[in-house]
Amino acid sequence: MKTLIVILILSAFLQTTIMPINLVLIILILRGFVRTDISNLYLAFFIGVLMSLLDFKPLGLYSLIYLVAVLVSQLSTSLRFSSHLVIIFPVVTFFLIGERLFLSWIGSESLQLWPQILIEVLFIIPTYILLKVWEERFISHRDIKLRV
Amino acid sequence: MGKAIPNLQITLTLFLISLILLGLDSLKFLSLPKTAAYFFTNPISFGVYKTRQAVSKEFEFVFQSRKSAQENKALQEQLAQILSENANLRTRLAETTAQLEQNISLDPKTYNLFALRPIGVDRYLKVDQGSNNGLKVGMPVVFKDNYIGQILNISERGANVRLLTDPDSKISAFSIGKEGNAKGLLIGQFGNELLFDKILHEEKISEGDLVYSEGTEGFLPRGLILGRVSKVIEQQTQIFKQAKVSPVFDIRDLELVFVITE
């Protein structure tokens with residue numbers, strides 16, 4: 001958990017200074033899929049406050065966006081194929097585009113999707129794999145044995 | 001509903017706190033804690049930004065050293081040719097100087113300038129000064145005689161600057177060249193290019209001409225350098241001709257920029 005917090009804080013600083021890729025939102029949504037936990041909501045809220053501060057936007061704005069995203073990802077885990085990338089990929093892509101649309105509407109700015117969305121979409125699969133390996137590192141998967 | 005949405009109470013509480021924070025910030029009740037937070041976050045942002053600049057410069061050196069060796073050989077051949085052209089250039093310089101004397105330069109007696117430090121750049125340039133230092137939305141940001149952008153949104157200790165290359169940026173401009181002058185509208189394009197549009201066909205413009213601000217918008221002075229023409233697009237079937245304009249420098253190399261406060 002501490003490692004995840006450090007990674008989220010680092011991603012927030014990188015996102016607002018040198019690398020305009022929405023890593024924070026990707027990590028939060030994917031963690032909601034990997035692990036349904038109350039800590040996801042707290043992470044979404046506090047990291048949202050930090051992002052609002054670093055991006056010079058009104059405090060609470062990013063918190064609202066991230067809370068909605070985490071809530072939807074956690075609700076999606078009740079679907080049958082929720083752990084499959086067929087569900088995860090479109091949900092994450094939808095929120096990446098939706099966040100930019102919402103912020104451009106709030107700030108009356110032009111919408112810029114290309115090429116950032118393409119780069120962010122490429123980050124989804126490796127981030128999901130890394131998160132899944134990290135979160136399930138203490139879970140032993142027993143081999144299925146057939147009774148003969 | 002509690003079973004359908006896990007941790008419903010916590011979720012609603014956090015939503016409510018976010019809305020309260022949004023409301024309080026809109027009413028400027030959170031200025032003091034935000035200012036305190038910026039004392040910690042701005043130096044970190046600046047450190048990350050400077051680290052990126054330092055790393056880029058290290059890698060840049062490796063590529064440039066090879067390129068420099070090739071350029072050195074070519075330059076020695078060109079030197080002999082340049083000496084003979086020097087005499088012709090002196091004559092042209094006298095004519096260009098008379099033309100350049102019409103341009104207004106930024107005199108500190110005429111404009112109040114305030115220094116800003118860039119702490120990040122994505123779509124907008126982030127700077128480390130805000131409303132606490134008298135900055136307001138709409139103020140122009142410059143570097144020497146060059147126009148960088150306009151302050152778009154502002155916080156107590158920081159601001160976002162909309163760059164000239166942003167598609168929301170539209171500036172009345174004119175170009176001056178050896179063949180003549182041209183007037184038009186400079187529109188930002190995503191990336192590192194600008195489009196000089198609405199140029200009449202009878203007005204002269206060519207590659208290498210400098211483009212300046214007209215100053216008709218009211219928020220920036222006339223005569224600030226906006227870029228250099230890289231390509232002229234002329235089609236007789238179109239009402240106007242266009243030109244692609246490139247900025248004269250890379251904004252990521254700047255250590256300081258200045259805002260015209262008055």
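Visitor: How do the residues lining the largest pocket divide into nonpolar, polar and charged?
Guide: The lining of the largest pocket has 22 nonpolar, 14 polar and 13 charged residues. Bear in mind that this is a predicted model.

Visitor: How much space lies in that pocket?
Guide: The largest pocket holds about 1,200 Å³ of space.

Visitor: Which residues lie nearest its centre?
Guide: Of the 49 lining residues, those nearest the centre are Q112(A), V121(B), D122(B), R123(B) and Y124(B).

Visitor: Which helices and strands each supply at least two residues of that lining?
Guide: From chain A they are α1, α5 (85-106) and α6 (116-135). From chain B they are α2, β3 (124-127), β5 (146-154), β6 (159-163) and β11 (225-233).

Visitor: And which one gives the most?
Guide: That is α5(A), with four residues in the lining of the largest pocket.

Visitor: Which residues line the largest cavity?
Guide: The lining consists of F46(B), Y49(B), K50(B), Q53(B), R117(B), P118(B), L254(B) and E255(B). By class, that lining has four nonpolar residues, one polar and three charged.

Visitor: What gives the most to the lining of the cavity?
Guide: Helix α2 of chain B, residues 31-100, gives the most, with four residues.

Visitor: L254(B) is in that list. What does F143(B) touch, leaving out residues up to four places away in sequence?
Guide: F143(B) touches L254(B), along with I148(B), F249(B) and L256(B). F143(B) itself is in strand β4 of chain B, residues 140-143.

Visitor: How far apart are the C-alpha atoms of F143(B) and V257(B)?
Guide: Their C-alpha atoms are 5.2 Å apart, while the two residues are separated by 114 residues along the chain.

Visitor: Now the interface. How many residues does each chain put into the contact?
Guide: Chain A contributes 31 residues and chain B contributes 42 residues.

Visitor: What area is buried between chain A and chain B?
Guide: About 3,200 Å² is buried, and carbon and sulfur atoms give 72% of that. On the chain A side, T17(A), F56(A) and L59(A) lose the most area to chain B, together 22% of what that side buries.

Visitor: Why give an area at all?
Guide: The size of an interface is often given as the accessible area lost when the parts come together.

Visitor: How many salt bridges are there between chain A and chain B?
Guide: The count is one. D55(A) pairs with K126(B), and their closest N and O atoms are 3.1 Å apart.

Visitor: Where do K126(B) and D55(A) sit?
Guide: K126(B) is in strand β3 of chain B, and D55(A) is in the loop between α3 and α4 of chain A. Over all chains, the count of salt bridges comes to 17.

Visitor: Which helices of chain A each supply at least two residues to the side that touches chain B?
Guide: These are α1 (2-17), α3 (38-54) and α4 (61-76). That side of chain A has 21 nonpolar, seven polar and three charged residues.

Visitor: Last topic, S172(B). Which strand is S172(B) in?
Guide: S172(B) lies in β7 of chain B, residues 170-176.

Visitor: What does S172(B) touch, not counting residues up to four places away in sequence?
Guide: S172(B) touches G184(B), L185(B), Y212(B), S213(B), E214(B), G215(B), T216(B) and E217(B). With T216(B) there is a side-chain polar contact of 3.1 Å.

How values were computed: Residues are numbered from 1 along each chain as its sequence is written. Chains are lettered from A and ligands numbered from 1 in the order in which they are written. This is a predicted model: local features need pLDDT of at least 70, side-chain atom pairs count only at pLDDT 80 or more; totals for chains, interfaces and linings use all residues. Side-chain values use heavy atoms; hydrogens and water are left out. On a 1 Å grid over the protein atoms alone, a cavity is a set of points where a 1.4 Å probe fits but cannot get out, and a pocket is an open set with protein on both sides within 12 Å along at least five of seven lines; lining residues have an atom within 4 Å of a point. Ala, Val, Leu, Ile, Met, Phe, Trp, Tyr, Cys and Pro count as nonpolar, Asp, Glu, Lys and Arg as charged, and the others, Gly among them, as polar. Contact means heavy atoms within 4.5 Å. Buried area is the accessible area (1.4 Å probe) that two parts lose on being put together, summed over both. A salt bridge is a side-chain nitrogen of Lys or Arg within 4 Å of a carboxyl oxygen of Asp or Glu. Grid points are joined across faces, edges and corners, and a volume is the space filled by probe spheres set on the points. A polar contact is a pair of N or O atoms within 3.5 Å; within protein, one must be able to donate a hydrogen and the other to accept it, and residues adjacent in sequence count only if both atoms are side-chain atoms.
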